[in-house]
Amino acid sequence: MPRILVLTAHRFPDDSRINKALIEALCLLPNVTVHELVRVYPNYQIDVAHEQELLQTHDVIVMLFPFYWYSSPAILSEWQDAVLTYGFAYGREGTKLHGKPLQLVVTIGGSAQDYSSEGRNRYPVVDLLRPFNAMANLTGMDYLPPHLVQGVFDMSDERLAQEALSVVKLVQGF
Ligand SMILES: Cc1cc2nc3c(=O)[nH]c(=O)nc-3n(C[C@H](O)[C@H](O)[C@H](O)COP(=O)(O)O)c2cc1C
């Protein structure tokens, strides 16, 4: 079974409803390490060596986060800046992430319609996530189509349970 690292990024994990439900479901899988960045690093002081070790000891990297201002919460941006260093993630000898699949799982307030070219947010979410695609490209990771959980504001408990099951199935598919 592949070892799967789920990096989660939420500003206030205790206030989360959607990400919390997805995390609880993923925690039940035996080959998954759920790594909640804000809980481990409440002061955003990231242990780079530990994070690089985690990346190297897992086969698949999943990033699970709520969409904030058309991007990720700041802790994930900080994580990228700190952890994806020259000589590790890019550069002539920076090949440690080569070939690892990268799966984004993003929870989004707006609906799919909101994120169409005619919608209020103008751009499709997959376009707004392109910096992650470019990051995967530079680091030699295999960028998989992002898994989007859209329209979360008024999501029923039943639909949330279905969404959690979909994410579990996605991760079990690796
Ligand atoms: C600071 C902040 C920024 C947000 N920005 C967006 C956004 O750009 N687009 C969007 O559709 N939803 C946005 N949202 C809504 C979140 O995506 C939504 O609340 C989250 O996915 C719900 O997950 P949770 O219950 O785990 O917090 C934002 C929410 C917050 C708190």
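Biologist: Is Tyr 70 buried, partly exposed or exposed?
Modeller: This is a predicted model, and in it Tyr 70 has a relative accessibility of 35%. Buried means under 20% and exposed means over 50%, so Tyr 70 counts as partly exposed.
Biologist: Where is Tyr 70 found?
Modeller: Tyr 70 is in the loop between β3, residues 60-66, and α4, residues 74-83. Its phi is positive, about 65°, although Tyr 70 is not a glycine.
Biologist: What about Tyr 44, what is its phi?
Modeller: Tyr 44 is not a glycine, yet its phi is positive, at about 60°. This residue belongs to the loop between α2 (37-40) and α3 (48-56). Tyr 44 is partly exposed because its relative accessibility is 26%, which lies between the cut-offs of 20% and 50%.
Biologist: New topic, the ligand. Which residues come nearest to the ligand?
Modeller: There are 17 residues around the ligand, and the nearest are His 10, Ser 16, Asn 19, Thr 107 and Tyr 115.
Biologist: How many of the shell residues are nonpolar, polar and charged?
Modeller: The shell has 10 nonpolar residues, six polar ones and one charged one.
Biologist: What distances do you get from the ligand to the side chains of His 10 and Thr 107?
Modeller: For His 10, a side-chain N or O atom is 2.7 Å from an oxygen atom of the ligand. For Thr 107, a side-chain N or O atom is 2.6 Å from a ligand oxygen. Gly 110 uses its backbone: an N or O atom there lies 2.9 Å from an oxygen atom of the ligand.
Biologist: How much of the ligand does the protein bury?
Modeller: The ligand taken alone exposes 640 Å², and the protein buries 74% of that.
Biologist: Which pocket is that space?
Modeller: The ligand takes up the space of the largest pocket. Two elements, α1 (18-26) and β4 (101-108), each give two or more residues to the shell around the ligand.
Biologist: And Ser 111, where is that found?
Modeller: Ser 111 is in the loop between β4 and α5, residues 125-128. Its relative accessible area is 26%, so Ser 111 is partly exposed. Ser 111 and Phe 153 are 42 residues apart in sequence, with their C-alpha atoms 9.3 Å apart in space.
Biologist: Last one. Is Thr 139 buried or exposed?
Modeller: Thr 139 is buried, because its relative accessibility is 2% and the cut-off for buried is under 20%. Thr 139 is in helix α6, residues 130-139. A polar atom of the Thr 139 side chain lies 2.9 Å from the backbone oxygen of Met 135.

Notes: Residues are numbered from 1 along each chain as its sequence is written. This is a predicted model: local features need pLDDT of at least 70, side-chain atom pairs count only at pLDDT 80 or more; totals for chains, interfaces and linings use all residues. Side-chain values use heavy atoms; hydrogens and water are left out. A residue is near a molecule or strand if one of its heavy atoms lies within 4 Å of it. A polar contact is a pair of N or O atoms within 3.5 Å; within protein, one must be able to donate a hydrogen and the other to accept it, and residues adjacent in sequence count only if both atoms are side-chain atoms. Accessible areas come from the Shrake-Rupley method with a 1.4 Å probe; for residues, only the protein chains shown count as cover. On a 1 Å grid over the protein atoms alone, a cavity is a set of points where a 1.4 Å probe fits but cannot get out, and a pocket is an open set with protein on both sides within 12 Å along at least five of seven lines; lining residues have an atom within 4 Å of a point. A molecule sits in a cavity or pocket if more than half of its atoms lie within 2 Å of its grid points. Helices (H or I, at least four residues) and strands (E, at least two) are DSSP runs, numbered from the N terminus. Ala, Val, Leu, Ile, Met, Phe, Trp, Tyr, Cys and Pro count as nonpolar, Asp, Glu, Lys and Arg as charged, and the others, Gly among them, as polar. Buried means under 20% relative accessible area, exposed over 50%, partly exposed in between (1.4 Å probe, protein chains only).
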